[in-house]
Structures are given as structure tokens and as C-alpha cells.
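Student: I am new to this structure. Could we go through it in short questions and answers?

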Amino acid sequence: MASEGRALTSAPELKAMPGDATNDGTVDILDLVSIIDYIVSSTSPASLANADANGDGEVDILDLVWIIDRIVGG
């Protein structure tokens, strides 16, 4: 089942670290899990603004790819 991105609707937060959806100061697998939960079940991550890792105004699979690239690519 294809899922469309979800537009950010909450008040803007400071983007201290793009991709840090858990707001714990690191970008790691927990951020991926948090974003997947948000995409499939509307469970808001700790930092919705940071969950939009690529800064396109939506939280979607492209943010997951962005984070994976940063984790793997170093």
C-alpha cells in the first residue's frame, strides 16, 4: 500500500538537527522507527520539524531515505 507524505501542520520548531525525530541529539535507527510510526499510524515523533529531515515540508519516505543515507554514508 503506497502512503503519501504527511504535510507538517504543527507550529514550526527549531531544527537543531535534521532527521533527529526523537530529539535525543543523534540521528539513528530510533529516528527511522519514529518516522515510520508517524507515517503509518499518526504517532507524532518527539520533534516533528526534525522528522522532516530533507526540509520539503512533509514527513514521508524521502525523509527515511535521507536519514539512511546519513547513517550509512557517515
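Student: Is V33 buried, partly exposed or exposed?

Tutor: The model is predicted, and its relative accessibilities are computed from it. Buried means under 20% and exposed means over 50%, with partly exposed in between. V33 has a relative accessibility of 42%, so V33 counts as partly exposed.

Student: Which residues make the nonpolar surface patch of about 280 Å²?

Tutor: A residue needs over 30% relative accessible area to belong to a patch. V33, at 42%, is partly exposed, and V33 is found in helix α1, residues 29-41. The patch of about 280 Å² is made by I29, L30 and V33.

Student: In what order do the elements of the chain run?

Tutor: The chain has three helices and two strands. Read from the N terminus on, their order is β-α-α-β-α.

Student: What percentage of the contacts with a separation of 6 or more is between residues 24 or more positions apart?

Tutor: A contact here means heavy atoms within 4.5 Å. Of the contacts in the chain with a separation of 6 or more, the share from residues 24 or more positions apart is 61%.

Conventions:
Residues are numbered from 1 along each chain as its sequence is written. This is a predicted model: local features need pLDDT of at least 70, side-chain atom pairs count only at pLDDT 80 or more; totals for chains, interfaces and linings use all residues. Side-chain values use heavy atoms; hydrogens and water are left out. Patches are made of residues with over 30% relative accessible area and no salt bridge: like charges are joined within 9 Å, nonpolar side chains (Val, Leu, Ile, Met, Phe, Trp, Tyr) within 5 Å. Accessible areas come from the Shrake-Rupley method with a 1.4 Å probe; for residues, only the protein chains shown count as cover. A salt bridge is a side-chain nitrogen of Lys or Arg within 4 Å of a carboxyl oxygen of Asp or Glu. Helices (H or I, at least four residues) and strands (E, at least two) are DSSP runs, numbered from the N terminus. Buried means under 20% relative accessible area, exposed over 50%, partly exposed in between (1.4 Å probe, protein chains only).
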